[in-house]
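Student: Hi! Could we look at this one together? I'd like to ask about it bit by bit.
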Amino acid sequence: MHQPHINTPLSEIGTVLRRSQEVLVITHVSPDGDAIGSLLGLHWLLLSPGRKAARRVTLACADRVPAQFGFLPGADEIVQDPPARPWDVVVALDASDTHRLGSPFQPATYGSAPVVNLDHHITNLYFGQLNYVDPNAAATAQIVVRLAEEMGLKIGKEAALCLLTGLVSDTLGFRTSNVTPEVMATAMRLMKAGANLAEITERILNHMPLSLMRLWGLALAELRVEGQLVWTHITKEMRAQAGAPEESDGGLVSYLIKAPEARVAAVFAEKANGEVEVGLRARPGYDVSDVALSLGGGGHPQAAGCTIPGPLAEAEARVLPLLLSLSG
Ligand code: 5GP
Ligand code: MN
């Protein structure tokens, strides 16, 4: 399981992709904008004109595409159950471990087809035959742009729109601590290729359904502050009361970390199957990725998460002491 964490040069990954005709690309469960954006971005790049005419790219995600990403070109081509074809290559995007890829990932059926793991989580387990993980990249979409550059692929308008959506989503509109000049240069490049930043920002960051606002109201009413930890939870009953049945919470934990009292923030959300999704955030200088990894999840120093067994009260009792010792 534990292979040495050595990156494969993108040139080598590009060579494998260039030779491949049947390509399966999988992104993670509960997809966010970077998951969907990098999936669709890679799709458009691999199909760009002048590339292998016979190439077929199959896009998979265990969960349905959230409505707010439905505007992205190709979103309706993403399948939940990919066929069992003999693939030439399988690409995993934005996932730090294979569990995060869910049911579409079936390595026992891949034969000699290599798994290519492209990701930016510091907790990545290097599960592929070919791995390229850059924890300094602000989004997997940024890595896909690097790959396109390495392969000499032209970034068309569709790819640019999808990839810039990935960047905007994971950086919360270029506000996170991992936004570097390279990120801004990538964004500029994608804008020049035809992606409309204002439209993406409007759709991704400036919209929230009323049902989620009601859910925030219920969850914020139970907000707790302990030391430098700010946290709350979302129960199934709250979802029912708010009329917000889907498992997204609209990024509530990113809101909690805004409190001046908070060094660490957490939201415990009960899922339909009884498991508990734990969303974690930390201010720069604090790191929640190790706690998430130790609980079977993963993420970045400032934004991580895990999914652990319920019931809710037990999950909270297990995780809160770990967070309290982190935040001091
Ligand atoms: P979010 O709180 O926005 O859902 O997730 C923040 C970060 O934590 C993301 O980078 C995401 O990949 C990671 N993350 C959230 N939940 C899980 C989980 O259940 N398992 C793993 N491996 N990572 C998670
Ligand atoms: Mn990401």
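Student: Where is D94 placed?
Tutor: D94 sits in the loop between strand 3 (89-93) and strand 4 (115-119). Helices (H or I, at least four residues) and strands (E, at least two) are DSSP runs, numbered from the N terminus.
Student: And what is phi of D94 near?
Tutor: Phi of D94 is near 65 degrees, a positive value in a residue other than glycine.
Student: Before we go on, what should I know about the model?
Tutor: This is a predicted model, where local features need pLDDT of at least 70 and side-chain atom pairs count only at pLDDT 80 or more, while totals for chains, interfaces and linings use all residues. Residues are numbered from 1 along each chain as its sequence is written, chains are lettered from A and ligands numbered from 1 in the order in which they are written, and side-chain values use heavy atoms, with hydrogens and water left out.
Student: What about polar side-chain atoms by ligand 1?
Tutor: One belongs to H121, 2.7 Å from an oxygen atom of ligand 1. Another, in D97, lies 3.4 Å from a nitrogen atom of the ligand.
Student: Switching topic: where does P311 lie?
Tutor: P311 is in the loop between strand 11 and helix 11 (312-327). The peptide bond from G310 to P311 is cis, with omega near -5 degrees.
Student: Last one! Which residues of helix 3 meet helix 4?
Tutor: A141, Q142, V144 and V145 in helix 3 meet L163, G166 and L167 in helix 4; contact means heavy atoms within 4.5 Å.

How values were computed:
A polar contact is a pair of N or O atoms within 3.5 Å; within protein, one must be able to donate a hydrogen and the other to accept it, and residues adjacent in sequence count only if both atoms are side-chain atoms.
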